[in-house]
Amino acid sequence: MKTHPLYLNGEFVFTDKNIPVRNPATGQAFANIAVADRARVKKAITDAHAAFAGWRALTAKARGEYLHKIANELERRRDEIAKTITLENGKPLAQSVGEVGMTVDHLRWFAEEGRRGYGRVIPHQTDGKRNLVIKTPIGVVGAIAPWNFPLVLAIRKVAPALAAGCPVVLKPASYTPLSCVAFAEACQTAGLPKGVFQLVAGSAAEIGKEFLENPLVRKITFTGSTEVGKQLIAGAAAQIKPLSLELGGLNPVLVFDDAELDKAVDGTMLAKFRNTGQSCIAANRVYVQRGIYDKFLKLFVEKTKAMKVGDGFEPDVQIGAMIDENAVNNAAKHVEDAVKRGAKLLCGGKRVDRPGYFFEATVLADVPKDALCMNEETFAPVTAVAPFDTEAEGIELANGSPYGLSAYAFTRDLSRTFRLMEQIEAGMIGINDGLPTTTNAPFGGVKQSGWGRELGSEGLDSFLETKHISICL
Ligand code: NAP
């Protein structure tokens, strides 16, 4: 079994401790990753800090050229890296290919956006003074990534930070570190100066603590659960350390009577089942207006039953393996609880009888408000559907959770679209669109779904300090 190294100060490093990486489609380990203890993480941060002066001194154009070279390398190795993502995460191969493609797009977009870290000159209001605003890189960044999109969610942090002039120490999820090792290889091939990008793996608690307590780390950017996000907020208090947090969601879908039925069904399926339901922006609660409820359910169930569940390497699979045993058990718990509270199980509902961690594509109808799946992130291919009557009720239902990551609405009414855009409490809203993510627009949540934004010009700004310079002439 191959052991993969860490990437520290320009070198691939093996240590005396490894952890196994499993294939969720079989439950079997297929590789190892070296583990960094806290001393190595500290050294990585020191080396990143040493690299900071040289990296920030480059022009944004020169930094962008490195990002383009890394992107070229990922593009060249696209199919091989996609296979690694499917092996470590379980998602269908076509979706892994898409993930590599989006990663390349992030790198190329930020390679150019880095050139637009504009300041401004403000018209002065005191004679003899001039006021300027400049943007400077914040410093060493500690980045922590989740397992559900192991490559693209890591590079969504790394690309803008590097473009802004900040060195990055990245900790991928322990389940899925290998696609990030491939990224480190691409950095080395691109000739990225040593220390500018480093990869550590190991105990999340220890690495997180070092990121929080080491004063050389000037920013932590985290994607993962709201629970860990809250721990980071508490830990950041001692140094008032800036945090960007992309956390969990309980994302609602509103399907109105006037929606185009096919578009609403296909859009909701994309929002629900992409990434085997394990996406932070996955539809968790689907509310359908009463006039279209039965028609929507009929078509939705028909299309759900037609989806193929299986190993992500099998052709035409749309629902891959879930990440682990807990994920399967949680899906089963949500289904059982909903049915116990009166929901109707229209299809699926149980574990697939094969090795690995598979769950059937599931549809539950008439799901009551107090069901677990209406109140907790399901993170599984389980769709919870319930009816509503008026637009006001729909908006109230959509906003009735402590989260606010994404939301979706299907309607042909333009005036309603504006009311929804303005009133729904979510950082991203798809109108007749089941996949609102794009590199050039901000990505992130409100309420307990997080702080700050990735992607778009906001994504670059997260790694820049804003300074006011007042000059007496
Ligand atoms: P998680 O358990 O919070 O883990 C995320 C990352 O944090 C992993 O690298 C993990 O390391 C690390 N971590 C765990 N405990 C830590 C600690 N005490 N200090 C510092 N780091 C720590 O989340 P997950 O289960 O991987 O991901 C699923 C969650 O992420 C869902 O809630 C989903 O909605 C959310 N998510 C949000 C977004 C978004 O953009 N808003 C995107 C994707 C996912 P180990 O792997 O070593 O435990």
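Buried means under 20% relative accessible area, exposed over 50%, and partly exposed in between, with a 1.4 Å probe and protein chains only. The model is predicted, so local features need pLDDT of at least 70 and side-chain atom pairs count only at pLDDT 80 or more, while totals for chains, interfaces and linings use all residues. Residues are numbered from 1 along each chain as its sequence is written, and side-chain values use heavy atoms, with hydrogens and water left out.

**Exercise 1.** Describe the setting of N432 and K447, two residues with positive phi.

Solution. Step 1: the phi of N432 is about 55 degrees, although N432 is not a glycine. Step 2: N432 sits in the loop between strand 20 (428-431) and strand 21 (446-447); helices (H or I, at least four residues) and strands (E, at least two) are DSSP runs numbered from the N terminus. Step 3: with a relative accessible area of 28%, N432 is partly exposed. Step 4: K447, not a glycine either, has a phi of about 50 degrees. K447 belongs to strand 21 and is partly exposed at 36%.

**Exercise 2.** Work out how the buried residues of helix 8 are arranged and what they pack against.

Solution. Step 1: helix 8 covers residues 226-236, and its buried residues are T226, G229, L232 and A236. Step 2: seen down the helix axis, these residues fall within an arc of 110 degrees, so they line one face; the arc is taken from the directions from the axis to the C-beta atoms. Step 3: E227 and A234, on the other side of helix 8, are exposed. Step 4: the buried residues pack against helix 7 (204-213), strand 11 (217-223), strand 12 (243-246) and strand 18 (403-404), where contact means heavy atoms within 4.5 Å.

**Exercise 3.** Locate the nonpolar cores and list the contacts of V255.

Solution. Step 1: a nonpolar core is a set of buried Ala, Val, Leu, Ile, Met, Phe, Trp, Tyr and Cys residues joined through side-chain atoms within 4.5 Å. Step 2: the largest core has 108 residues, and those with the most contacts inside it are I70, L107, L170, F183, F197, F211 and V255. Step 3: leaving aside neighbours within four places in sequence, V255 is in contact with A264, T268, Y287, V288, Q289, I292, F296, F388 and F410. Step 4: another core, of 34 residues, lies apart from the largest one and includes M322, I323, V328 and A343.
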